[in-house]
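Biologist: Could we go through the contact between the two chains step by step, starting from a single residue and then widening the view?

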Amino acid sequence: MDPSVVEFLAEDQMVNIVPSFSCDRVFLICGEVGPFRAGLPVKVPIWLALNLRQRQKCRVLPPDWMNVEQLLQAKEEESQSRFFNKMPSEHYMVEGRLLLGIAAEDIPQADEIRTILKDIWDIRMSKLRSSIDAFIKTGGTHAKLDHLTDMEINSIRPLLPHALDEMFSLQRVVRTHIFLYISNIFLSRNNSSALLLHYFIIST
Amino acid sequence: MEKDVTCEMDRQNKKRNCVGKNDAETDQEEEKELVGSLVVKKLPSEGCTGKNEDPLVLRTQQLFHTLLSSDCELGVVWIPGHVGIRGNEAADAAAKDGATNGTLVYWRESMAGRSLTPHYFSLEDIFATQERVPCKFILPVPRLGFLDPSSESDDIVVGTSAELPFWLARAISSRRRNIVTIDIPKIYKEAYREILKADACVVDLHKFGLFFYQFGAYISRLNHRDSAAIGAILVQTFKERFRQVMDWAHNSGTDPAISQRLDSLERSLFREGHQTQAQLDAWLSQGPERITAAQMVVNHKKRKLADLEHL
């Protein structure tokens with residue numbers, strides 16, 4: 001998946017805006033938004049909020065989690081823990097990038113928030129890389145990683161599954177070979193049991 | 001007696017594998033049908049139907065009856081032709097596809113389309129089986145002396161050593177047709193395995209072989225006492241080098257020297273990881289975008305009210 005596809009999915013998250021115009025309810029395929037009353041906060045999808053903001057028709061209210069204190073705490077917890085912590089938003093990176101990119105003036109301490117988000121992203125990515133490495137080295141067959149966001153999963157997507165596929169097919173060769181080797185030992189000693197074993201291998 | 005034979009033949013005819021014992025008493029009609037159906041099966045392209053007007057079928061029948069009247073034991077055996085042979089089926093399907101859809105068969109596997117067993121036309125698999133293995137002839141082979149460039153004679157004598165492509169060596173070293181014995185190529189021998197065991201990450205795998213893993217998997221499938229050890233070293237090498245491949249894919253620039261140290265499998269993984277990372281980087285550095293109206297919506301002319309009134 002392209003990162004822009006993940007961005008598209010994340011744009012459906014809701015955000016509060018204060019419109020500077022009045023308009024009735026608008027009916028859209030994804031649901032209805034509004035009614036807009038100038039000066040009264042209203043909840044809209046991010047994509048609409050950003051479009052209105054670009055046309056100077058509203059002011060964006062930052063999401064609850066987008067403040068320095070809460071993000072600093074999240075960063076602290078993330079660096080302390082060996083595992084992945086739950087992020088305040090499922091698309092923290094995309095939301096942060098979109099809102100801070102277009103509506104930076106509406107968000108207090110935008111530059112600091114941007115830095116902290118980047119820090120959290122880097123910590124989590126390095127954790128992800130080292131856990132993949134440990135997973136491959138130990139030859140595990142399954143792993144459980146909680147609280148990974150879509151963008152993070154997407155960053156390793158074609159590489160990791162394909163590497164696991166290749167590893168599986170290499171391991172399968174070894175396993176089949178051991179079976180056949182055993183059956184050959186039997187073949188040299190006892191014909192009937194070797195045949196039985198052969199059928200067993202073929203049928204399984 | 002008569003009935004028994006007929007039934008038996010009928011049943012075996014259905015099994016397409018007829019071995020019928022005859023003693024001239026058998027019903028003539030039944031025999032005709034049997035021969036007819038056998039010939040039809042063998043020659044579907046000649047346009048034969050159940051009725052026997054084809055001169056070839058008639059001639060076969062004639063021969064059959066001559067044989068029947070002579071006092072001998074007669075067996076009828078169905079020979080399967082090329083049906084069910086994997087390569088032939090694949091080639092048939094490809095030819096049919098080309099004839100009906102006009103598509104050229106060209107199978108380049110992307111990692112995404114890669115299955116656990118390689119496709120018959122997979123170029124990578126073809127190249128991997130083209131690698132040469134040292135072989136020793138244990139039977140004399142007449143008229144193939146040219147395979148051994150150092151010999152002058154027309155024939156290959158017992159004990160000749162030659163490097164044959166793996167696909168050929170595998171076919172002529174099977175239990176049924178044991179003409180050569182295969183030796184393990186040197187890159188999979190103990191000395192090289194020790195190098196990989198010591199530290200797989202510093203090795204230039206590309207120099208070991210372009211298809212180190214795929215070819216190695218074929219080698220480890222051979223019936224050799226080192227086979228299991230080779231299989232194990234392949235898996236271990238892959239595991240140890242994966243971190244490096246992933247790091248290079250995520251962090252390297254466009255240094256061509258790096259991907260030159262990987263074998264083809266690692267290289268395709270590297271290329272994928274690199275592409276994903278490039279997309280992610282592009283996304284991270286991209287500026288804000290603006291939603292615009294689609295060109296179709298802009299160009300769509302509104303109907304005038306006057307036009308609507310006419311409707």
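**One residue, then the interface**

Modeller: In this predicted model, Gln279(B) has a relative accessible area of 28% and is therefore partly exposed.

Biologist: In which helix of chain B is the place of Gln279(B), and which residues does Gln279(B) touch?

Modeller: Gln279(B) lies in helix α12 of chain B, which covers residues 264–285. Leaving aside residues up to four places away in sequence, the residues that Gln279(B) touches are Met1(A), Asp2(A) and Pro3(A).

Biologist: How many residues does the contact take from chain A and from chain B, and what area is buried between them?

Modeller: The area buried between chain A and chain B is about 3,900 Å², with 66% of that area given by carbon and sulfur atoms. As for residues, the contact takes 44 from chain A and 41 from chain B.

Biologist: Which side chains meet in a salt bridge across the interface of chain A and chain B?

Modeller: The rule finds one salt bridge across this interface, while the count of residue pairs in polar contact, both at pLDDT 80 or more, is six. The salt bridge has an N to O distance of 3.3 Å, which lies within the 4 Å cut-off. The side chains that meet in it are those of Arg243(B) and Asp133(A).

Biologist: Which element gives the largest share of the side of chain A that touches chain B?

Modeller: The elements giving two or more residues to that side include α1 (3–10), α5 (110–138) and α7 (159–189) of chain A. The largest share, 17 residues, comes from α7(A).

Notes:
Residues are numbered from 1 along each chain as its sequence is written. Chains are lettered from A and ligands numbered from 1 in the order in which they are written. This is a predicted model: local features need pLDDT of at least 70, side-chain atom pairs count only at pLDDT 80 or more; totals for chains, interfaces and linings use all residues. Side-chain values use heavy atoms; hydrogens and water are left out. Contact means heavy atoms within 4.5 Å. Buried area is the accessible area (1.4 Å probe) that two parts lose on being put together, summed over both. A polar contact is a pair of N or O atoms within 3.5 Å; within protein, one must be able to donate a hydrogen and the other to accept it, and residues adjacent in sequence count only if both atoms are side-chain atoms. Helices (H or I, at least four residues) and strands (E, at least two) are DSSP runs, numbered from the N terminus. Buried means under 20% relative accessible area, exposed over 50%, partly exposed in between (1.4 Å probe, protein chains only).
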